[in-house]
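Here is a short report on the strands and helices of one model. Have the sequence and the 3D view at hand.

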Amino acid sequence: MPKPRIAPQHLRPHPFRQLLGYARPFSRLFAGVIVLVIIYNLTQVIQPYLVKVAIDRYLLVNTPALAPLIQIGAAYLAMTLVGLLANLYQTRVIASAGQQIVRQIRIDLFSHIESLSMDYFETHDTGRLITNVASDTTRISQFFTQFLLSVIRDGVTIILVMGAMLFLNWKLGLLSALVIPLIVVISAIFRPRLHKIYDITRSRQSRLIGFIAENLSGMRITQIFHQEAKQLEALTQLNLPYQMANVNEFRWDVFFNRTLDLLGNLAVAFMAWAGGLAVFHHAIKIGVLYAFISYIQQFFEPINSLTQNWNTLQSSMISFERVSQVLTTPSTLEDPVAPVPLEQSGDIHRIRGQIDFDRVSFGYDPEHLILQNITMHVAPGQFIGIAGETGAGKSTLISLLARFYDVSSGAIRIDGIDIRTLRQEDLHRLVGVVQQDVTIYSGTIADNVRLFHNDVGRQQIVWACKITGADSFIRQFREGYDTWLTPHGSNLSAGQRQLLAFARIILLNPKILVLDEATANLDALTEATVQKGLMEVARERTTVVIAHRLSTLRHADRIYLLDHGRIVEQGTHQELLALNGFYYAMLQKSVIMPGAGPERRDAVN
């Protein structure tokens with residue numbers, strides 16, 4: 001199967017640039033945060049200077065003065081309150097902006113995933129996509145609420161504190177700045193290793209989440225075949241590498257942070273020693289030494305904060321790279337640049353439903369074709385059947401008609417219009433597909449029949465359910481159409497879920513109705529009820545049916561029999577019986593199957 005196209009690396013914007021692009025609409029909020037950060041940091045820088053003034057001017061003098069000390073204390077308290085308010089508000093603003101940005105990223109990501117073609121989901125792990133939407137976007141939010149705030153706040157702190165130290169004593173201030181190149185070197189050494197470790201951890205987490213999601217959805221099969229112990233063992237095999245990756249990540253985080261902590265403590269000790277010598281030689285006063293030591297601590301606190309948030313940056317970048325890979329993956333099926341304007345002209349209501357397969361070939365792998373040179377003509381309003389053994393290519397044929405994939409060669413036309421020239425939205429309004437596996441969402445029965453079309457009224461829902469025979473079992477529920485369905489419709493039988501799928505498609509009112517093994521989960525009595533309703537609905541539309549039960553196709557206007565991707569027989573039920581070929585052989589197999597019902601035995605007549 002061909003892999004979905006991904007934009008070349010040199011054409012894709014850098015993830016960090018993309019991330020900042022999401023932040024651009026909130027530039028005013030971030031500007032406000034910077035102002036609040038400057039106010040907060042100024043209050044922190046002024047406080048040691050006020051103490052320095054109190055010590056040198058009003059305490060260590062021959063005649064200490066009390067009134068100025070009270071004024072300095074009041075100023076110190078005011079600075080503390082102003083700093084507290086600025087700090088609280090800056091945190092609130094950055095958190096709000098960060099959550100709004102991540103909300104938009106999550107919306108864009110989910111919207112883009114919905115636009116991708118079917119081959120993407122067949123080649124990518126569902127667990128990874130769940131991790132992208134849920135876990136990765138949460139880690140991205142930490143970039144704004146933790147790392148970005150740290151960069152702004154701590155960056156401003158370093159600049160202001162360095163300026164204050166240079167103002168107090170430029171020599172000691174320059175000595176303090178010598179530690180910055182060492183921090184840069186250490187970070188450059190650790191960065192590649194940490195990046196790789198974070199990537200490994202997220203990948204193993206994706207596989208674990210995918211396994212859990214898959215097993216929760218298939219829990220019934222697990223219990224039927226008593227595979228709980230084996231599945232637990234498989235989970236353990238996935239969980240252990242994830243655990244080891246987390247431990248390794250923690251180990252390297254601690255190693256990196258403690259290395260910088262050690263460097264910072266050594267630098268503080270060195271600067272305290274150098275300042276002490278300056279006081280001893282009367283180069284500076286004791287108040288200056290106090291302020292300088294306070295500034296040194298303030299200088300290394302943001303450095304430590306930045307280094308401790310380094311793992312947040314790495315984790316956020318890894319997460320956004322993963323999200324960016326999805327966002328920059330184009331769909332292999334795109335709407336044409338100049339589509340046939342059915343919606344604008346109103347022609348969508350005049351489509352008659354003629355279908356033509358013109359020498360169609362297709363293969364997921366170009367070297368191994370599943371369908372070869374398929375040519376079919378279906379007149380408007382015809383009811384045709386497609387039969388064949390498992391793997392003959394029946395469902396693939398329908399997937400091409402609905403344009404889940406594009407043909408490898410040839411063309412498929414509806415009323416003479418190549419489906420590749422239609423918008424997918426218009427095509428899916430023309431072609432309605434009911435498959436054997438029915439998706440049920442959490443919600444009421446009415447919501448599941450309406451399926452997001454809020455303009456569909458209750459009367460229309462009831463009408464559709466009566467036609468398909470679903471109304472009879474719905475009314476047996478105490479809440480009727482307002483009965484709440486659990487995820488995957490586990491409180492319905494397979495047949496009941498199928499009946500709801502029929503009601504959905506009837507409300508969609510497509511010109512072409514496709515049933516892909518849609519009656520496989522129905523018993524003979526229910527199938528007969530549905531067939532009666534569908535035959536009535538199908539009178540004014542073209543109907544294509546794939547069925548293992550060949551009795552379902554006996555009244556078809558024409559039946560096509562596929563074998564290894566080729567049409568080997570075609571004709572009416574009676575014509576195919578007269579050929580005494582593939583179709584007849586399939587019917588004979590169904591008759592001799594154990595438990596074959598009367599409908600199978602009657603099919604050969």
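In what order do the four strands of the open sheet run, and is the pairing parallel or antiparallel? The order is β2-β1-β4-β5, and the pairing is antiparallel. Its edge strands are β2 (371-378) and β5 (417-418), each pairing on one side only. Strands pair here if DSSP finds at least two bridges between them. Helices (H or I, at least four residues) and strands (E, at least two) are DSSP runs, numbered from the N terminus.

The model is predicted; local features need pLDDT of at least 70, side-chain atom pairs count only at pLDDT 80 or more, and totals for chains, interfaces and linings use all residues. Residues are numbered from 1 along each chain as its sequence is written, and side-chain values use heavy atoms, with hydrogens and water left out.

β1 (residues 355-362) pairs with β2 over five bridges, in the antiparallel sense. I355 has V378 of β2 as its bridge partner.

β11 (residues 558-563) and β12 pair antiparallel over five bridges. Y560 stands opposite Q570 in β12.

Contact means heavy atoms within 4.5 Å. Axes are lines fitted to C-alpha atoms, for helices over the stretch in contact; angles run from 0 to 180 degrees between N-to-C directions.

| Helix | Lies across | Angle |
|---|---|---|
| α13 (residues 394-401) | β1, β2 and β4 (409-414) | about 115° to β1 |
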